Each structure stands twice: as C-alpha cells, then as structure tokens.
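Good morning, and thank you for making the time.

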Protein chains: 2
Amino acid sequence: MISVKRALNIIDETKVTPQIKELQISKALGHVLAENIIAPINMPNFRQSAMDGYALIWNENKTFTVTNESKAGDANTIHLEHSEAARIFTGAKVPENADTVVMQEHVSRIDDKFLITNMPKKGANIRPIGEQVKKGDCVLNKGMVLNEGGIGFLAGLGFKEVHVFSPPKVSILVTGNELQKPGKPLKEGAIYESNSVMLQMALHRFGTHKVKTFKAKDTLKATKKAIKKALEYGDVLLISGGISVGDYDFVKEALNQNFVDETFYKINQKPGKPLWFGKKDQQFVFALPGNPASALTCFYVYVLPLLKKYSGFSDYHLPRLEAQINSDFKNTTGKTLFLKAFYNAGQVSILPNQQSSMLNTFATSNVLVTIPENVETLKPQDRVTCINLNGYGN
Amino acid sequence: MISVKRALNIIDETKVTPQIKELQISKALGHVLAENIIAPINMPNFRQSAMDGYALIWNENKTFTVTNESKAGDANTIHLEHSEAARIFTGAKVPENADTVVMQEHVSRIDDKFLITNMPKKGANIRPIGEQVKKGDCVLNKGMVLNEGGIGFLAGLGFKEVHVFSPPKVSILVTGNELQKPGKPLKEGAIYESNSVMLQMALHRFGTHKVKTFKAKDTLKATKKAIKKALEYGDVLLISGGISVGDYDFVKEALNQNFVDETFYKINQKPGKPLWFGKKDQQFVFALPGNPASALTCFYVYVLPLLKKYSGFSDYHLPRLEAQINSDFKNTTGKTLFLKAFYNAGQVSILPNQQSSMLNTFATSNVLVTIPENVETLKPQDRVTCINLNGYGN
C-alpha cells in the first residue's frame, strides 16, 4: 500500500507520448495545439477603414466632392484627386492614394459635396496593414487549449485544419456476475450495472470520445480474454471491479497473464483503496474498485490526469481550490479521505452519504474535499483543499 | 440606447418555455432533469454482505461448519442450521435466515470448519434492504444538471431513459460581402469569415449541438430571405454583422420585414454597442456586431444566459467571481466595459489587445472583467467582478 502523495507522484512521473493528428478546426474544440501557429497573412491585409465616413487625401481643403464608393468586400482600384473623396464603410478597403478617413458625423453633406466640420488628423481612422497581426508572427503557442476564441482566430487567419494532440482511445471493461443491464426487473441477488455509463459520461465530459465497453464474467479465463480484447482497442484501459481480494476477484491475475506490469496496487485512501495501476509498453491500465463512487473518485484523482497528460495538457490535474470548511470533521481512519462536497464562494459543505456505493451525492457535489491521512480533526473555518470537479480552465 | 443593467434585466424577464424530451441516459450528459426521479427499487434490493467472510445465525457458538457459498450475483436459496455458515463475498446476497456476517480476517479456518476469533455483534456487516435508497423516495430533483454521477445513479436504479429539457436549435446567419471562406488566398478587400465557426464552437462547448449556419450577401432582399429560412430551423437565431448604421446594414430592416419585434437595440457598453435583441412569438433573435470579439462578448453576456434558460438551467448566467485587479485602469468612455482578462487565485490581469476585432486574446483569457459605466478609475488591489468563461457548475 502506498500513500496518496506517492500515487500522485507516480502519475506525475509517468511518461506518455501524446499522438499528434490534423483536424478540421471545427472538430478541434477542447484539444491542445500541437504546433505553433505562424500567421500566414497580415490582419488586416489591406488598409481598412475603421469608420463609416469619407476617404480622402488630407490637405487644407474642407470641401470635397464624392466621386466614388468603397464598401466592405470591394476590391476597389479607386484613384482620388485632391478635391475628391470616396464614400467608405467600416471594414472597407481605403483607396490606394487616400491617407485619411473622416467620420460621417464630422461632415455636412449636400448632394455629392460635403464640408468637413471637424477636421481629423492626417492618417485618422485607417487601420494599417498588419496592425493586429503581422504575417510570419507566432500568434498561438503549442500547448494552448483551443476554445471558441482560438478556433475563430484560426478561421480568421484562413486555417481549415490544425495539428492537435489526440486524446487516447479508452476501453472500459466491466466485471461482475451480479451486474444486470437496465430495462428488465432485477433478478434475485443482482444489481444494475452503472459503472460503464458513468465512466463513459465522465470521459465524454472531459474530452475523450473514443470509448468502447467490454464485459466479462467472474472467471479467470473470461477476464483474461476480455482484457486481451480491450487492449486491442484502447490506449488506456479502465477495469471496473474484480480487484479486491475475494476468491472471485481475478483481475490482478488476468492482467499479469496479459503481461501488464503492476506499477502500484492499493492506496492509503478512502474511498478507492484497492486501486491498481499498471503498464504494458505504451498502454496504461487502471483497475478501479467496483463500487461506483469509489471508481469515480479514483477516476477524478488518478485516471483523468493521465488522460489529460496523454491529450497534451500541461495542467493535467483537476484544479484545486482552497476553502473554509463549515462544520467539525473527524478523520479516525489514518487514511487520506476524498469527501464529496459542495463549494460556494470560498465555503465548503461536506455532504451526507459518503458511502462508496452512493452515486447520488456525486450528482450534487462540485468538489472533492481532500483530508490528508495525518489530519485527525477539523474545526469550522479550518482551510481545506478541494478538487474542482468542474473542469480544466485555459 | 439602454444600460447593461437594463439589458440584463430584460434577459432575466424574458419568459421562455423549455421543451421536454425523453433521452437515453447515455445521451443526457449536461442536460437539466425535467422530472423528479422516484426510486423504482430499493438499493440494495436484497440483504447484501458488506464484507468477504461468513454468513451465519448469530449464537453463542464460536465454531461453525461451512456448508454453502454465496458469491456476488448468486440468487441463493440457502437455509442454514445453527452450527452452519455460508462462505460469502462483498455484494453477495445473505442467506434468508442468516443474521450476521463475520469478516474473514476474524476467523481461523481449517478445512470446512472455522473458529471465530473476534465475535461481531449480531447483525454485523449486512446492508439491509433499502439502506441507501428506499423504493418510492424522490432521489433526484427536477432542475438538476445531469453529470456522470447523476447518470450513473440513474443507471443503478435501472433507468434507460430520462426526461430532460431540450436545448434550443440555433440558426447562425452570417452577413457581409467582404467575407470569404478559408482555403483560398484572400481576395483584395476580403477577410476570412470566422464568426460562424466561433459561434458554433461556443454553442457546442455550452451544450447546444443543433446548429445550422446560413449566409447572406449585403442586400435587403438577400438578408430578408435568409432570415426567413433561418427562422424555419432555429428556436434562436444569431445574426452576425449588418446591424450598425452603414448604408449597407440591412439586418434591422430585414428583421422588421420578417415580423421580428425589437426588444432592445444598442447597449451602453464596449465592445458590443450595436447589439439588437428581439422576438417573434416563441423565437428569439440576437443580431450581433460583426467584429469577432464584440460578437463573442455579447454571446457570453446575453445570448448564452437565454440559451441556458431555454435549456432549463436555473443558474443561467455564467458564474461571477470577485477578484483583485493587479494594475491601474481608467475608463473614460462612460460605458460599461467587458475586458478580456486572466484570473488566477483571486487575482486578475487585464490582457493587452482589447480591440473588438482581436480574437486571440479570447483564446488566452478565462474571464471577462466587468467595469461599470460609472467607474472611472481603478487602482491595483481594487476589487472587480469577473465573468467566468469556464462554465456552469452544478
């Protein structure tokens, strides 16, 4: 048995080699950039009017004749004389030899002539070429997470595809003779299987969409065969159940027979003590406890960081928050506790029903309060560390 | 022109009628429950062993003979005598007339006999029927957001489907002659169109997946026709561009001709001043500024709350955070400002490049700092309100 600290260190030290793939930008939301983005164009790439108004050659004159028009999208080749002006709109190309745009609010117009009532400085209201982005500049850095702003920016630069880190494919293997599919009345001694959909949803929510589920009965042969098949699909394999020490827990032996090397087994924590973690070449295997809430706790604390690391995230752990606890708490277990809790504005309430088989508390919690193994008592207002279950920021 | 406060009030006062649909639980992640969930079974629904050990009828004896076995999933009909015990495993059904389970660590076994070395209390290590959930109890409330914990819990109760609020279908209409698809070199005077993919990604990230994009050239006829088509698909229509006061901005008139009633037009804010919001029966229309960062700001502050309300969320605004600003700031505009910024541990830095056409700052920001119209100067350590762009919690 190892400490939580040691287990987290092992996850941190585990080397993964993220895969790179090219994706259409509209498929790249939430992915991590695997390349520096070099601007292929200037932004703007022509001299652009910043206002609705009139483009002209700045001079001592105050009266101009409107001889042309440039609206957004026009590829104009207008040539102005000194007494001429072009009607122009925001975003439109400024005529080649114009050097100033006068706002429409600053002129008094009659028919095709106007008088400037408020003379701008020479060069006013023109966005020069490359004002925002210069061609050749590095504008987005490898390692950043693509959100709607980043993807919109790529589109604005003319990109259709982008290189990103590819999240791993994940196999879920569910073991247990007692498990029954929903839809029919429960058989005597059976329970409804919930871990596969729970893990699938957790994977989806955090950006892993390539997921396949496998099932095995509680025999060594069936478990061994199912692990072999599951490893043919997944870069990462999550096994649910069968890892305790009962006579019908065959997962450890079946992993061994599939040449998956144990990295650790059992952590001094509650829930989730019998967590097993191992490796076969570049594939990773977590054997999670069968109890739903234990499995989900282990997922948030250990599995998800490895998946995020594999997906190219540099901040791969769920973010931590500091909060004041609002009640007494005693930890008589000598173990590190992960407690489902509700955080609001710096205060955190530990929820009732912490049993490892109760998932509904997870449905209403937004953090896991971590109480270290050596902390025995907490008083109201004491500060605790919370794992924020609502995600990864930028 | 109205104030930001008034515009937000209007969004709050806008009545929407969320649609309800039945979904497979594996499709319901992130949706809001539209029904109270009543437990259809007890959990557990049989007396379950909490340990690996031996089930027996508690009595003064300390020596027992193992005559049976009950493993997880067995529908056992074992009947024990007073001197008999059944080998039993965690999660397995306790024989009908057994009343106690002794942990395997508390017996000394030789062949089929064992001696209890540490006598448990009568009733120990048995989870009674309904210990966790009682059949008929309301276990999840209408209005809660379904995460992986909630969906796993529904699966454990045997649910295959669930009633949720249906997010709206959204049409995006992009206007502007200057807009060009990515993939080919830019024509003179053109820019790459980026708002449709940006809005589509923002919609996806916040749970709206039914999205269709429409395009229109800058004529009244084309704009009117495109709005009509877009309203045939979407419950909500987002229009990008054409809402300023240039001679080629036809959106306002085209909306009018499609019988969409204006609720407000123009807000005293920067960016995003020319935002237009209106209604046609139960359909809602936002006409967003064409500048990408202005459009995205309006999306976060006004559009997203309406979409979330439509999807059944009670906390439909992006969450607000309080933070200390780390630099001076002057607001000489008399407008409410929304500034792209980076929040970390209670501190916030306003990012450079706040221009309304620059999206790359959004790619690296995680909050929008709100500076009210009547605040003119801020000093380092002053407290500001930040809009958290990373989502809706539970």
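This is a predicted model: local features need pLDDT of at least 70, side-chain atom pairs count only at pLDDT 80 or more; totals for chains, interfaces and linings use all residues.

Let me begin with Asp111(A), which is found in the loop between β8 (107-110) and β9 (113-116) of chain A.

Residues are numbered from 1 along each chain as its sequence is written, chains are lettered from A and ligands numbered from 1 in the order in which they are written, and side-chain values use heavy atoms, with hydrogens and water left out.

What is the phi of Asp111(A)? The angle is near 55 degrees, a positive value in a residue other than glycine. Most residues other than glycine have a negative phi, and most peptide bonds are trans. Asp111(A) counts as exposed because its relative accessibility is 66%; buried means under 20% relative accessible area, exposed over 50%, and partly exposed in between, with a 1.4 Å probe and protein chains only.

Ala345(A) also has a positive phi, near 50 degrees. Its place is the loop between β24 (336-344) and β25 (347-350) of chain A, and with a relative accessible area of 68% Ala345(A) is exposed.

One runs from Met43(B) to Pro44(B), with omega near -10 degrees, and Pro44(B) sits in the loop between β2 (37-38) and β3 (48-49) of chain B. Another joins Lys270(B) and Pro271(B), where omega is about -5 degrees; Pro271(B) lies in the loop between β19 (269-270) and β20 (276-280) of chain B.

Pro44(B) leads us to Lys134(B): the two are 90 residues apart in sequence, and 8.7 Å apart in space from C-alpha to C-alpha. Lys134(B) belongs to the loop between β10 (126-127) and β11 (138-140) of chain B. Leaving aside residues up to four places away in sequence, Lys134(B) touches Ala39(B), Ile41(B) and Asn42(B), where contact means heavy atoms within 4.5 Å. Its side chain reaches the backbone oxygen of Gly130(B) at 3.2 Å. Is Lys134(B) buried, partly exposed or exposed? It counts as partly exposed, because its relative accessibility is 48%.

I now move to the interface. In chain A, 75 residues are in contact with 75 residues of chain B. The two chains bury about 6000 Å² between them, 61% of it on carbon and sulfur atoms; buried area is the accessible area, with a 1.4 Å probe, that two parts lose on being put together, summed over both.

How many salt bridges does the rule find across the interface of chain A and chain B? There are four, a salt bridge being a side-chain nitrogen of Lys or Arg within 4 Å of a carboxyl oxygen of Asp or Glu. The side chains of Glu188(A) and Lys93(B) meet in a salt bridge at 3.0 Å, N to O. On the side of chain A that touches chain B, the elements that give two or more residues include α2 (148-156), α3 (195-205) and α6 (292-310). The largest share, eight residues, comes from α2(A).

Thank you; I am glad to take questions.

Note on methods:
Helices (H or I, at least four residues) and strands (E, at least two) are DSSP runs, numbered from the N terminus. A polar contact is a pair of N or O atoms within 3.5 Å; within protein, one must be able to donate a hydrogen and the other to accept it, and residues adjacent in sequence count only if both atoms are side-chain atoms.
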